[in-house]
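This report describes a protein structure for a reader who is new to the subject. Please keep the sequence and the three-dimensional view at hand while reading.

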Amino acid sequence: MLKIIIPTIMLMPLTWLSKKNMIWINTTTYSLLISLISLSLLNQPSNNSLNFSLMFFSDPLSAPLLVLTTWLLPLMLMASQHHLSKEPLIRKKLYITMLTMLQTLLIMTFTATELISFYILFEATLVPTLIIITRWGNQTERLNAGLYFLFYTLMGSLPLLVALISIQNLTGSLNFLLIQYWNQALPDSWSNIFLWLACMMAFMVKMPLYGLHLWLPKAHVEAPIAGSMVLAAILLKLGGYGMLRITTMLNPQTSFMAYPFLMLSLWGMIMTSSICLRQTDLKSLIAYSSVSHMALVIVAVLIQTPWSYMGATALMIAHGLTSSMLFCLANSNYERTHSRTMILARGLQTLLPLMAAWWLLASLTNLALPPSINLIGELFVVMSSFSWSNITIILMGTNITITALYSLYMLITTQRGKYTHHINSIKPSFTRENALMALHMTPLLLLSLNPKIILGFTY
Amino acid sequence: MFSSLMLVSLLMLTLPIMSSIFNTYKNSTFPHHVKNTISYAFITSLIPTMMFIHSGQETIISNWHWMTMQTLKLSLSFKLDYFSMIFVPVALFVTWSIMEFSLWYMHSDPYITRFFKYLLTFLITMMILVTANNLFQLFIGWEGVGIMSFLLIGWWYGRTDANTAALQAILYNRIGDIGFIMAMAWFLFNTNTWDLQQIFMLDPNLTNLPLLGLLLAATGKSAQFGLHPWLPSAMEGPTPVSALLHSSTMVVAGVFLLIRFHPLMENNKTIQSLTLCLGAITTLFTAICALTQNDIKKIIAFSTSSQLGLMIVTIGINQPYLAFLHICTHAFFKAMLFMCSGSIIHSLNDEQDIRKMGGLFNAMPFTTTSLIIGSLALTGIPFLTGFYSKDLIIETANTSYTNAWALLMTLIATSLTAAYSTRIIFFALLGQPRFLPLTSINENNPFLINSIKRLLIGSIFAGFFISNNIYPTTVPEMTMPTYMKLTALAVTILGFTLALELSLMTHNLKLEHSTSVFKFSNLLGYYPTIMHRLPPLANLSMSQKSASLLLDSIWLENILPKSISQFQMKTSILISTQKGQIKLYFLSFLITLTLSMLLFNLHE
């Protein structure tokens with residue numbers, strides 16, 4: 001694992017030692033190379049995990065998320081170029097350093113073997129993200145958004161620390177690899193119910209669960225483009241990853257503790273989708289759509305069947321790439337119209353036809369058009385929830401319908417219709433932007449050829 | 001061996017798309033290239049079809065193993081049975097003609113290349129749908145045709161109406177998809193497979209739930225009553241799109257799905273009678289709506305809807321082969337009717353109102369001929385294409401022991417078919433011209449003439465050929481009294497005469513006060529007025545007021561972040577603005593100290 005972590009750390013000196021005109025190209029190329037190295041992790045020859053050391057390991061669940069993380073850094077760098085073009089050199093370097101630091105921490109989080117080190121790294125990712133949001137955001141509301149982001153996540157995750165210490169006392173180890181062999185059921189007591197809550201709430205806030213999701217739209221709307229991308233693509237998935245990991249040792253509490261959260265997710269999924277139908281703010285719409293998709297992941301994880309785990313893993317990867325691409329597209333609109341309001345960007349298809357094609361593809365993957373991996377994820381989740389309870393198909397079906405509606409509503413409002421006068425003099429789309437979209441789209445398309453590498457450990 | 005030729009012809013279709021990826025084509029010739037490819041694919045597909053008719057050998061081809069999840073194996077597999085073997089050449093033939101027609105109709109469009117790519121992509125997804133052997137592959141085609149219809153309806157994206165219609169189509173299709181996904185989930189859960197032949201082999205009991213799902217899916221895709229309004233709205237798209245998607249191919253996908261699942265359906269009487277009633281309501285309701293429309297494309301769209309209802313009725317009386325026969329014959333004349341109306345609309349400078357046409361039989365003799373033959377075939381006049389399927393369907397319904405009420409509705413709808421067909425002929429073709437005097441009418445374009453001519457020949461002869469090649473065992477030989485045999489023809493002729501007489505009689509009368517019956521028909525049974533206003537309004541205001549404002553902005557915001565910060569603020573204000581009352585503070589310390597001392601000591 002060090003062969004990925006150390007090069008990522010070395011990105012920081014590279015940034016600071018690069019010449020002024022080379023910082024972007026150097027870092028982008030170098031991080032792209034790192035992501036190519038990480039691809040080898042997808043080959044998991046044995047059914048167990050790849051143990052590299054006492055500290056780090058990788059298995060079919062963490063490998064796709066890890067690859068997604070490394071893949072996203074060059075994309076973030078490409079996306080931020082225009083946003084930072086007016087900043088002085090030193091701040092650009094600082095910004096890249098922050099992104100790299102976040103990347104390093106995320107890689108270590110996904111590969112940590114110890115729950116405690118996972119926890120520490122999980123918390124540590126907050127720091128660079130907070131700096132990115134509050135330092136490089138566009139409006140003054142960013143401070144408020146940062147506050148929400150920090151406090152929601154911290155409040156959720158502090159009980160986890162206590163829970164972890166108590167588990168350490170109970171079992172003597174917090175090693176992921178050992179815990180799966182520790183098959184004792186937790187005794188049925190009040191304290192264990194609180195243990196369950198403490199363990200799950202940290203990740204449910206991060207996902208976010210409906211009701212605890214307020215920080216997400218705020219953070220997304222105020223964050224700079226790279227912040228939105230990494231937030232939607234990776235940080236939300238930390239929650240899903242943590243839940244998938246920690247539910248193995250919370251039996252049998254999950255079987256009855258899951259009900260309120262399942263209900264809340266199923267309900268919240270429809271609520272947030274309907275909020276999307278009334279959004280005028282593009283980034284807020286995408287953020288709410290993330291909440292709705294992540295609710296599916298929560299449902300899948302709580303149902304706890306092999307199919308639902310496969311669905312959750314696939315959906316996390318698919319949604320990571322799709323929502324990140326949507327944010328990039330929203331940003332490319334923002335850089336031209338200087339507004340996030342959708343109606344002000346209408347009719348862009350006439351002026352930027354290639355960008356319209358990307359919009360179309362992104363919307364179609366967002367609404368889970370077969371055979372994209374988004375569909376595979378959603379379909380598996382729907383299948384497992386149907387077998388859990390037949391009635392959920394009504395809620396799931398409603399959500400599928402609303403998802404299609406708001407995705408296409410977004411497409412029609414931004415791309416179709418008559419164009420407005422103030423966009424007469426906009427810049428054409430750059431090769432950089434088209435490459436950025438292509439780099440999002442290609443993995444989505446290629447993965448649908450062979451989805452089994454992202455189906456997680458129950459495949 | 002011959003069945004692999006079918007795959008070759010399917011593969012051929014992807015070649016123009018591939019060439020567009022590698023940019024090895026010229027823009028000006030690309031549409032011709034697409035048209036030729038489809039004609040070659042059609043000719044290639046004829047060989048395996050003929051061999052199939054000769055030998056009757058059904059094939060399943062499984063070639064690419066996609067993935068195996070737990071116990072479910074998914075691979076790329078094609079089912080080449082009677083239905084797909086006959087439908088593929090028919091669809092290719094119709095598409096070929098429509099592509100040629102589009103060369104004429106869309107020639108001034110700057111994005112004609114893209115238009116052809118869309119049409120071709122649609123055709124490919126339709127072929128996937130028809131030939132799929134497992135539900136997942138079927139779903140790919142199913143969603144693919146839905147999305148392509150979205151793109152093609154919204155082709156003129158500057159128009160609000162086109163965008164609305166496109167979104168409407170997706171909405172109704174998606175409601176149907178819920179049913180499809182539910183059926184998929186049920187089959188996975190109960191039969192542990194998505195392969196069609198395995199599902200039929202296991203023949204699960206209690207199939208109400210999945211078949212209801214499939215019926216819902218068919219209702220959405222084939223615009224049956226309840227989910228029907230998208231089909232007339234879809235006429236916002238270009239006429240070739242209406243001809244291809246919304247009459248001959250995409251909309252029959254729902255019927256096709258039910259035909260595919262007839263091995264399960266034929267044992268389930270509940271679903272069958274549901275299907276029958278649904279079809280009967282649709283066919284009558286849409287026929288009534290068609291009667292008073294003035295937009296020529298809307299009339300033909302409602303007539304399509306009515307015919308789809310007839311197909312569903314046929315499935316309801318447990319005759320999937322007849323329904324399939326009607327799908328095939330319907331494709332020919334309905335596509336042709338749309339192309340004729342396209343020819344008229346184009347010549348009259350985009351005038352779609354039949355009240356502003358008239359006398360076209362002098363100006364456009366060829367279009368007139370085709371339109372009349374198409375209408376006659378639609379009404380089922382003997383020995384034209386429509387006769388072979390429609391007459392059989394009504395005879396079978398007449399002689400079956402089913403719901404007499406549904407049967408009566410179907411018969412009335414059949415009669416109304418003749419009535420609205422007469423109306424088109426009467427208003428558009430006969431009488432005095434009512435269009436603007438200076439429109440340049442020209443129908444002498446080889447693309448137009450050839451494409452319509454090909455379908456014209458199909459509309460006369462195709463029914464004979466296809467019905468001759470249907471399995472003799474599947475349609476029972478029927479004997480019936482003469483009056484029953486002549487019922488279908490009699491109601492049709494009745495419709496014709498009545499409509500003609502009424503039109504002649506009322507031609508010069510003025511409509512002072514529209515009656516409530518007229519309003520019902522003209523406003524589409526008030527269905528769009530009600531369903532497109534109240535539920536969306538309720539839904540959107542719910543999402544705005546309840547979900548967004550009440551829950552997100554007020555409750556969730558207040559309960560957690562705001563109340564906590566308020567609390568902190570209050571306490572810090574309370575504590576930091578102390579008044580310097582040192583004595584009082586020390587006194588309070590004293591009290592707590594004493595209390596804790598006492599408590600700790602008592603504990604010992």
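## A buried charged pair

Arg174(B) and Asp177(B) are both buried. The model is a predicted one, and in it the side chains of Arg174(B) and Asp177(B) form a salt bridge, with 3.9 Å from N to O. Why are Arg174(B) and Asp177(B) separated by about one helical turn? Both belong to helix H6 of chain B, which covers residues 160-191, and they are separated by about one turn because they stand 3 residues apart in that helix.

The pair also belongs to a network of salt bridges that links Glu143(B), Arg174(B) and Asp177(B). Glu143(B) is located in helix H5 of chain B, residues 135-153. With a relative accessible area of 4%, Glu143(B) is buried, since the cut-off for a buried residue is under 20%. Along the chain, Glu143(B) and Met126(B) are 17 residues apart, and their C-alpha atoms are separated by 9.8 Å.

## Other salt bridges

How many salt bridges does a search of the whole structure find over all chains? The search finds 12. One of them joins Arg355(B) to Asp353(B), with 2.8 Å between the closest N and O atoms. Arg355(B) is partly exposed, at a relative accessible area of 45%, whereas Asp353(B) is buried, at 17%.

A further salt bridge is formed by Glu395(B) and Lys485(B), whose closest N and O atoms are 3.0 Å apart. This pair links distant parts of the chain: the two residues are 90 residues apart, with Glu395(B) in helix H18 (residues 385-399) and Lys485(B) in helix H21 (residues 482-485), both of chain B.

The search of the whole structure finds 0 disulfides over all chains.

Are Cys276(A) and Cys289(B) buried or exposed? Cys276(A) is buried, with a relative accessible area of 0%. Cys289(B) also counts as buried, at 0% relative accessibility.

## A nonpolar patch on the surface

The surface carries a nonpolar patch with about 860 Å² of accessible area together. From chain A, the patch contains Leu147(A), Phe151(A) and Met155(A). From chain B come Leu550(B), Ile554(B), Trp555(B), Ile559(B), Leu560(B) and Ile564(B).

Which helices each supply at least two residues of the patch? They are helix H7 (141-171) of chain A and helix H25 (534-576) of chain B. The largest share, 6 residues, comes from H25(B). Phe151(A) lies in helix H7 of chain A and is partly exposed, with a relative accessible area of 48%.

## Chain B as a whole

Chain B contains 26 helices and 2 strands. Of its 604 residues, 58% count as buried. Taken along the principal axes, the C-alpha atoms of chain B fill a box of roughly 110 × 65 × 60 Å.

The record lists residues 66-116 under "domain: NADH-Ubiquinone oxidoreductase (complex I) chain 5 N-terminal". In the model, this stretch is 57% helix and 25% strand, and its end C-alpha atoms are 30 Å apart. The record also lists residues 132-416 under "domain: NADH:quinone oxidoreductase/Mrp antiporter transmembrane". Residues 132-416 are 76% helix and 0% strand, with 36 Å between the end C-alpha atoms.

## Confidence in the prediction

The average pLDDT of chain B is 90, and 98% of the residues score at least 70. For the model, the scores are ipTM 0.93 and pTM 0.93.

Note on methods:
Residues numbered from 1 in each chain as written. Chains lettered and ligands numbered in written order. Predicted model: local features only at pLDDT ≥ 70, side-chain atom pairs only at ≥ 80, totals over all residues. Heavy atoms only, no water. UniProt positions renumbered as here; feature names shortened; annotations may be inferred. Helix = DSSP H or I, 4+ residues; strand = E, 2+ residues; numbered from the N terminus. Patch = residues over 30% accessible without salt bridge, like charges linked within 9 Å, V, L, I, M, F, W, Y side chains within 5 Å. Areas by Shrake-Rupley, 256 points an atom, 1.4 Å probe, with all protein chains shown as cover. Salt bridge = Lys/Arg side-chain N within 4 Å of Asp/Glu carboxyl O. Buried < 20%, exposed > 50% of the residue type's maximum accessible area, 1.4 Å probe, protein only. pLDDT = per-residue confidence, 0-100. Disulfide = S-S within 2.5 Å.
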